[in-house]
Amino acid sequence: MKSSSASSLLKIVLAVSAAALLFVVFWCFPAYMRHVVFVRPDLAGWAFPMEAYIGLMSIPVFACIVLLWQVFGTLSGDNAFSMENAKRFTVMKRLAIVDLGLAALLAAFLLICGVTAAFIAMCLTAIFYVGVVSIIVFHVLAGLVRNAAEIKQDHELTI
């Protein structure tokens with residue numbers, strides 16, 4: 001597969017992922033909160049703050065999508081192994097840590113308030129799993145790309 005084709009396919013995946021995240025943040029979660037308020041009208045005051053918090057949690061994910069878009073753009077120019085991409089992966093790791101922290105705060109808040117529905121626990125478990133895996137993957141990729149960029153630079157200096 002040509003690197004330009006790979007870059008295009010990966011960008012399509014990112015676009016679909018961004019659309020799916022927008023759908024969840026702006027339609028699915030508000031619909032879920034409407035259901036919660038219907039079942040428990042006493043929680044009506046929490047609908048908007050929870051929707052805003054979920055929106056806040058999506059910001060680091062959107063930032064990672066933008067950074068990945070930039071990384072994937074370097075594939076076709078044979079510039080994937082660069083210090084800029086290593087820095088991008090390091091930033092993505094930090095964004096994933098921030099997002100995991102926001103999820104932990106949400107989980108603590110919900111536990112303190114006694115909101116322990118199975119669906120919420122399942123969603124938070126998935127968020128924690130994806131967050132930890134993302135942190136590990138971005139950390140490893142940052143190191144690999146940094147090492148490859150250093151080797152590439154050393155090789156260019158010796159020629």
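**Entry 1: the end of α3.** I started at Gly114, which comes after helix α3 and has a positive phi, near 80°. I am reading a predicted model here, so I keep that in mind for every value. Next I went back along α3 itself, which covers residues 83-112, 30 residues in total. From its first C-alpha to its last I noted 43 Å, close to the 44 Å expected at 1.5 Å a residue.

**Entry 2: the whole chain.** What elements does the chain have, from the N terminus on? I read them off as α-α-α-α. That makes four helices and zero strands. The radius of gyration is 20 Å, while the globule rule gives 15 Å for 159 residues; the chain is well over that value and therefore more spread out than a compact globule. I also looked up the box that the C-alpha atoms fill along the principal axes, and it is roughly 70 × 30 × 20 Å.

Entry 3: I wanted to know how far apart in sequence the contacting residues are. Among contacts between residues at least 6 apart, 76% join residues at least 24 apart. Then I checked burial: 31% of the 159 residues are buried.

**Entry 4: a nonpolar patch.** Which residues form a nonpolar patch on the surface? My list reads Tyr129, Val130, Val132, Val133, Ile136, Val137, Val140, Leu141 and Leu144. Together they have about 770 Å² of accessible area. A reminder to myself about spacing: an α-helix has 3.6 residues a turn, so residues three or four places apart point the same way.

**Entry 5: the salt bridge.** How many salt bridges does the structure hold? I counted one. Its partners are Arg40 and Asp42, with the closest N and O atoms 3.0 Å apart. Is Asp42 buried or exposed? At 56% relative accessibility, Asp42 is over the 50% cut-off and so counts as exposed. Arg40, at 41%, counts as partly exposed.

Note on methods:
Residues numbered from 1 in each chain as written. Predicted model: local features only at pLDDT ≥ 70, side-chain atom pairs only at ≥ 80, totals over all residues. Heavy atoms only, no water. Salt bridge = Lys/Arg side-chain N within 4 Å of Asp/Glu carboxyl O. Buried < 20%, exposed > 50% of the residue type's maximum accessible area, 1.4 Å probe, protein only. Helix = DSSP H or I, 4+ residues; strand = E, 2+ residues; numbered from the N terminus. Expected span 1.5 Å × (residues − 1). Rg over C-alpha atoms; globule rule 2.2 N^0.38 Å. Contact = heavy atoms within 4.5 Å. Patch = residues over 30% accessible without salt bridge, like charges linked within 9 Å, V, L, I, M, F, W, Y side chains within 5 Å. Areas by Shrake-Rupley, 256 points an atom, 1.4 Å probe, with all protein chains shown as cover.
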